[in-house]
Each structure stands twice: as C-alpha cells, then as structure tokens.
Amino acid sequence: MITEKIARQASEAIDSRLRAAKFIRTALNHVFPDHWSFMLGEIALYSFMILVVTGTYLALFFHASSAKVIYNGSYHALDGQKVSVAYRSVLNICFDVPAGLLVRQMHHWAALIFLWAILAHMARIFLTAAYRKPREMNWLIGLTLLVLALVNGFFGYSMLDDLLSGTGLRIGYAILISIPLVGPWLAFLFMGGTVPNPATLPRMFALHIFLVPGLITALLGLHLFMIWRQLHTNYPGPKRTNRTIVGSRLWPAYTGKSIGLLLLVFGVIAGLGAFFQIDPVWTYGPYDPASTMAGAQPDWYLGWVEGALRLFPGVNLRLGHWLIPEIFFPAVLMPSLLFLFLYSWPFTEKLFSKDTGDQNVLRLPYEQPFLTAGGAGLFIFLLVLLVSGGDDFLALAVGGSVVEIRTILRIVVLIAPPCAAVLTYFICVRVMRRKALRTRMTSPEASAEAAAPDEMALEPRPPVDVHELTPGGE
Amino acid sequence: MTDDGKQRKSGLTAFLDLCRETLELGGKTLDFLSTAMRQMQAPRRPPEPLAKSGRSEDRELETEAQIQRRERIGTGLVICFFLLAVLGGIGFLIAYWSGRNNTQVLGGSLALFLCGMGITLVLWARLLVVQKEAVEQRHPLQSSPLAQKVAAKAFCDGAHDIRRRRLLAWMGVGGAGLFGAMVLSLLRSLGMSPDKSLYSRIWKGGQRLVTSDGKPLSLSSLETGSMVTVFPEDQIGAERAQTILVRVKEHLLQLPSERAGWAPSGYVAYSRVCTHAGCPVGEFEAEQSILLCPCHQSTFDVLRAAAPTGGPAARPLPQLPLYADADGTLRAGGGFTAPPGPGFWGIS
C-alpha cells in the first residue's frame with residue numbers, strides 16, 4: 001500500500017531527527033470524549049484564531065493616532081468634518097479597503113463569539129465540577145483568559161475614536177480613577193492623563209494587538225498542554241471510570257470533526273460579518289468631548305458592569321478627608337469579589353468535599369444541588385445586571401419611566417438570585433430522587449453504582465510504572 | 001637523549017599498532033563480506049511483525065452492512081456539500097476581483113465556502129469513517145514517591161555544588177530589587193504624576209463665558225428655560241472645561257446663602273462633566289429644572305446647586321460663580337467649586 005509506505009517513510013524521517021515515534025503514536029491515539037459540551041472550548045479557541053487572522057489584516061490599515069484631520073474620503077456624509085486620524089483610518093477600512101468592512105465586522109463578531117464561547121465553556125466546567133483535582137490550575141488559567149478577553153474586547157472597541165468608544169473610554173477612566181489611594185496614579189499611568197489625551201490611543205493599540213494577545217496565546221498553549229497531559233474528563237457512563245477515558249481517537253474521527261468545526265465557526269462568523277451590521281461607527285460620528293450618544297451601550301460581555309453602575313445607589317462615602325467614589329463599589333469591588341470567588345472556588349470547595357485523589361468523571365449538575373443552585377443564582381444575578389444595563393431601552397419598551405424600572409430592578413437583583421438558587425436546589429433534588437428511583441427499579445447493580453459514585457475515587461492507584469524511573473522512559 | 005629514544009620507541013609502537021589494526025580491519029571486512037554473502041543466499045526472513053498500534057481493542061459501533069449503506073449515502077452528501085463550497089469559493093474570487101467590494105456578496109460567498117467545507121468534513125468524519133469507541137487507561141499523573149524523591153534529590157545535589165550560597169542569594173535579591181527599581185522608573189515616562197491637572201478648577205476669575213464658536217455671552221443671550229454649553233475663552237472645546245449655562249426664573253432658585261450672588265438675572269453655570277462616570281450631562285429638562293446625564297440617567301437639580309436627585313450620582317455638579325460686568329457680559333467669578341469630573345480618592 002502506497003499510504004503505508006509514505007507514512008512509514010515520513011515517520012522514520014521525523015523520528016530519526018526528533019525521536020518522535022512514540023509521541024506520534026500517542027498523539028494519533030489520543031482519545032477525545034464525544035459530547036457536544038466539549039466543543040465549547042474548541043469554539044473559543046477557533047474564534048481566537050479568527051481574531052488573530054482578521055486582527056492582523058485590520059492592524060495593517062489602522063492608525064492609532066488622535067491627531068485631528070479634515071475628513072475627505074468616500075463616506076460623503078462626513079466630508080469636511082474634523083476627525084481623528086484613527087477614526088479616518090477606520091472609515092477607510094470600512095469604505096475603501098477591499099473586503100475591509102467584511103473583515104472588520106468579522107473581527108467584532110468573532111470577539112463576541114469568543115466571549116460567549118468562553119463563558120459557556122466555563123459554565124459547563126463549573127456545573128460539572130470539572131475544576132477538581134488535578135485540573136485546578138487549568139481553571140485558574142481559564143479564568144485569567146476570560147479576564148484578558150474581557151479587557152481586550154474593551155480595548156478593541158475603544159480604539160476607534162468614534163462617539164461611542166469615546167464615551168466608553170470616559171467611563172473606563174472614571175472606574176480606574178475611583179480606586180482608593182492608587183486610582184489617580186493608575187489612571188494617569190495607563191491613559192497618560194485625564195481623558196481624552198493623545199497618549200491613550202497608541203497605548204491601547206499596543207496592548208490590544210501585542211501584549212494581551214501575546215499573553216492569551218501563551219496561556220492558551222499552557223491550557224491546551226495541560227488538557228493534553230491530563231486527558232479530558234468523561235461524563236459518567238458505562239466504562240467511564242476515574243482510570244479510563246472513553247471517546248474517539250484523534251486520528252481520524254476527531255481530526256475530521258474538529259477541523260470541520262473550525263471551518264464552520266469561521267464560516268458562521270463570515271456570514272455574520274456579511275449580513276449583520278455591527279458597530280457602524282460612521283453613523284455614530286467622530287468623538288467629540290462635548291457630546292454623548294444617547295443610549296450608549298457597551299458590548300454585551302461588559303453589560304453586567306454597566307448594569308451595576310446604573311443600579312448602585314449614589315452613596316457618598318468619605319473616610320475623613322478621603323472619598324470613596326460611588327462608582328468604585330459596582331465597577332471595581334463587585335467584579336473583584338466575583339472573580340476572587342471564582343478563582344478561589346476549587347480550593348474553597350475542597351474544604352467541604354470529601355473528594356480525594358484525581359477526579360476524572362464529571363458530576364452531573366443535578367448530582368450536586370448546592371453547586372448548581374449557586375451557579376444558577378450567579379447566572380440570574382449577572383443576567384439581571386445585564387438587563388439593567390439597558391434599563392432606558394426597557395423603560396421605552398414597556399412604557400414606564402426609567403426611575404420606576406430602576407427601582408423594580410434594584411429589588412429584583414437582590415431577590416431573584418436567591419429565589420433562583422432555592423428553586424434550582426429543589427429541582428435538582430427532585431431529579432436526583434427520580435433517577436435513583438428509576439435505576440433501583442431497573443437493576444440492583446446499577447443502583448448500587450449510582451448511589452456511590454465516589455467509591456471510584458477511592459480506588460487504589462495502579463502499581464507504579466517502572467519505566468517512569470528509568471531515564472528517557474517517557 | 002632519553003626523550004629522543006622514547007619518541008622513537010613510541011613511533012615504533014605506533015607503527016606496529018597501525019599494522020595490527022590494518023590486519024584486524026581486513027579480517028573484519030572479510031567476516032562482514034562472508035556473512036553478507038551467506039545472508040544473500042539464505043531465504044529472506046519474514047518481516048518482524050509490527051507491535052500493536054494500541055487501538056486493537058476499539059469497539060466498532062456498527063455492523064459492516066450498516067457501514068456500507070451509510071457509505072453510499074455519505075458519498076453523495078459529501079460531494080454535494082463540497083460542490084456548494086466550490087461554488088462559494090468561485091463566487092468569492094469573482095466578487096473580489098470584480099472590484100465591487102460588496103460586503104454581503106464577499107462575506108456570503110466566503111461563508112458558503114467555509115461552511116460547505118466544514119459540513120463536508122464533519123459529514124466525512126461521521127459517515128465515511130468507521131465509528132469506533134476507544135477506551136484507554138489513564139496513566140496516573142503522579143509519579144512514584146521514589147521518582148519524586150529522585151527529582152528533588154537532583155535539585156539538591158546540584159545546589160550542594162554551589163559554594164557561598166548565601167552570598168548568591170543576597171546578590172540575587174539585590175540585583176532583582178535594583179532591576180525592579182529600574183523598570184519601575186521607566187514606567188514614570190508613561191505619565192506625569194496626577195496632582196496638577198486633576199485638582200485644577202479650570203476657570204480663572206474674570207474670564208468671559210464663550211460658546212464653542214468663541215462668541216461671548218451677555219445677560220440678554222438666553223431666554224428663561226434654555227441652556228447653552230460654554231467654555232473659558234482659552235480652553236474652547238476642552239473636555240474638562242465644558243460648562244453648562246442655564247437661565248431659570250430667579251425667584252425659584254434655592255442656592256445656599258454663600259452662593260446667593262452667583263446667579264445674575266437667573267443665569268447659573270455648572271460643570272457639564274458628570275460626577276458619576278464622566279459623561280457630558282447633556283440634557284436639560286426645563287419643566288422640572290433638571291439636568292440629565294444620558295449615560296446612567298443621573299439627574300441634578302438646577303435650582304438647588306445641581307444637587308443629585310436621582311440615579312447613581314452621589315455628588316453635585318461643581319458650580320461656577322458668575323457675574324455680569326458693566327456691559328452685561330457674563331464672566332466667571334472664580335474657579336468651579338470643586339475639580340470637575342468623576343470622583344477620586346483625594347478630591348475635596
């Protein structure tokens with residue numbers, strides 16, 4: 001067979017230079033579980049690739065300068081207007097660069113999908129308790145990737161120097177400067193002075209296209225390396241124990257599916273970029289310090305911060321001579337506490353759980369009612385905040401006044417999350433009981449297995465592989 | 001003399017060695033040739049069987065008949081989607097090179113190509129690849145306690161060879177500290193210290209209020225219930241200097257007593273930068289005498305020194321003292337009552 005001959009020759013050629021035969025074998029045999037929820041992280045990875053590709057194209061045409069020029073390009077509605085070089089270059093991308101608008105809209109859509117996929121992926125990890133030993137480190141890396149993605153998204157749409165992004169930057173500055181003690185220093189260090197000022201755009205550009213994506217790439221590499229080393233988790237099921245992994249192999253089934261998914265993610269983003277307008281900065285107009293867009297909204301992934309900004313009451317807290325601005329609590333303290341909770345969760349959980357050793361079989365959400373209830377509460381909390389970020393639109397839609405709507409939302413944001421948590425808890429308990437009942441009726445062995453899933457964790461470790469001790473055994 | 005003799009002797013030994021080696025080499029060559037001859041005559045042994053690739057225990061999920069039936073359907077489907085993708089690809093090339101730069105056509109054809117190829121591959125993996133379930137044993141992540149000890153020992157053995165370790169540690173700490181200080185110093189070039197501009201109250205006493213076109217304003221410029229954005233003469237268009245000038249009915253004003261003279265003929269002026277998040281407080285609702293920030297809907301009462309009345313803002317907009325000079329031109333009586341803009345730690 002010609003294939004075998006080529007495969008063997010290629011394998012020999014690579015191996016004789018890199019001693020890679022064993023790696024190639026294990027790589028091709030690597031087992032990936034077949035469950036749709038494992039695709040979420042992949043979608044995030046692929047949309048990041050698209051962000052890098054489209055972002056590189058855009059960076060070739062974008063000029064991060066707030067120097068003022070008179071616009072005189074193909075978009076005649078703005079002819080003769082004083083705009084910044086940055087804004088002009090964006091209009092140039094939209095109207096003059098071949099396929100420029102397509103690539104820009106794809107870039108923005110890819111960013112939204114990137115964030116969506118990360119959050120969905122993390123929700124899956126959280127609700128199935130996949131962060132348990134040995135995967136705690138990867139949970140921390142994943143959270144850091146989320147933070148970097150949020151920050152870079154903000155930089156991205158704040159660089160264009162249109163009216164909306166200028167408003168966002170101002171709010172960003174206000175948030176930064178509100179931090180007690182170091183706020184003004186941080187704001188000046190990062191933005192180069194009070195906004196707007198000429199230093200800000202080049203700094204955000206450097207961070208957006210170089211530093212943050214570099215960090216994301218490095219951490220992604222580490223993230224994937226750990227998954228590769230530790231293997232995926234498995235949902236509970238036949239043959240799936242703490243010491244096995246069940247699924248399809250990298251070659252050929254998984255390769256086909258995964259590259260197919262990459263192309264589909266790319267294709268869907270291309271379709272969105274083609275047919276669904278996003279961030280049409282030419283209709284917003286250039287940034288002008290003396291005006292604000294009515295109904296200014298951040299991208300959805302920052303909507304919860306915007307909502308918190310709106311709902312938090314105006315408390316004027318002074319410590320003697322010093323002020324803690326009202327914006328500090330919803331925009332700095334609340335997100336910090338949230339991320340502190342998320343970062344520490346795998347370790348906090350260890351204080352309560354009796355798990356020992358590696359946990360390679362996932363828990364289903366209903367099997368851990370307490371955790372799922374907490375997740376539901378958190379989700380509803382963030383969702384109410386997200387809705388509050390558009391309370392002016394909500395007021396328009398339902399025909400109330402913003403003040404009334406806001407009063408209602410202030411109550412809802414406090415009451416809904418605990419209600420959702422309690423409700424979820426009881427639903428989980430009910431589902432668990434019903435499942436237990438059903439398995440007990442069908443087979444006695446199955447019920448014994450289902451009743452004590454933790455016993456697998458207590459299985460003795462297999463005897464140590466002697467090869468591990470010899471040099472080069474791996 | 002002795003040296004010379006030694007040399008000669010060693011030269012002789014070397015020569016003898018060389019002779020012996022040559023002979024040995026000849027013998028080896030002969031040996032090799034003869035074995036080679038013998039091997040060539042001998043019947044070729046069957047090739048060594050390959051070790052298992054490690055996937056022999058994978059379980060096929062279907063029967064051969066099922067696979068074959070699926071193969072027929074799959075082939076047709078895969079070809080259909082590939083043709084769609086080709087259509088998209090050709091469409092994209094035509095759309096691009098025609099120079100029309102139509103986002104919908106370009107993006108639509110690109111999406112058609114990518115989705116077509118993606119579906120082709122996924123279908124291939126699902127229909128034209130034999131579906132198997134692989135079960136693998138996980139190797140325990142943890143090495144044996146011995147291996148862990150050996151790793152730690154390797155570090156300790158190496159560290160043991162380092163002399164004057166304490167000195168090295170001190171030098172390391174010192175060098176790192178110095179380097180940190182150097183890097184932090186470089187950060188200084190990123191921004192001036194915040195003190196100067198942050199605390200500025202922008203206006204100087206006696207400055208005229210001018211519009212964004214630079215026109216000065218007088219007592220007769222505004223009707224009651226209207227507003228205009230003004231700047232100090234020397235900072236037209238500056239973000240932090242923007243000021244909102246409103247004319248209200250004089251008898252309705254409820255300014256604190258020390259600000260009683262700051263509103264000639266019902267003109268009051270406040271910073272236009274919201275104290276909450278720094279957006280321009282752009283909307284004036286004359287009936288309720290309220291200034292509204294469009295970002296987070298904070299409201300400020302114009303009649304009561306711009307005190308916050310609703311929304312998330314906690315502090316009033318800084319007020320600008322006003323007076324009218326002899327010709328009725330409006331002038332600033334001094335700076336804002338506080339630095340304009342969002343709050344921070346040291347704001348008074």
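1. Helix 6 of chain A (residues 136-158) has 23 residues, which at 1.5 Å a residue should span 33 Å; the end C-alpha atoms are 34 Å apart, in agreement. The expected span is 1.5 Å times one less than the number of residues. Of these 23 residues, 18 are buried, so helix 6 is largely enclosed by the rest of the structure. Buried denotes under 20% relative accessible area, exposed over 50%, and partly exposed in between (1.4 Å probe, protein chains only).

2. This is a predicted model, in which local features need pLDDT of at least 70, side-chain atom pairs count only at pLDDT 80 or more, and totals for chains, interfaces and linings use all residues. Residues are numbered from 1 along each chain as its sequence is written, chains are lettered from A and ligands numbered from 1 in the order in which they are written, and side-chain values use heavy atoms, with hydrogens and water left out.

3. Chain A contains 17 helices and six strands (DSSP runs: H or I of at least four residues, E of at least two, numbered from the N terminus). Buried residues account for 51% of its 474 residues, and its C-alpha atoms fill a box of roughly 75 × 60 × 45 Å along the principal axes.

4. A:W282 belongs to helix 11 (residues 281-284) of chain A and is buried, at a relative accessible area of 12%. A:W282 and A:L91 are separated by 191 residues in sequence, yet their C-alpha atoms are 6.8 Å apart.

5. A:R434 is located in helix 16 (residues 402-442) of chain A and is partly exposed, with a relative accessible area of 48%.
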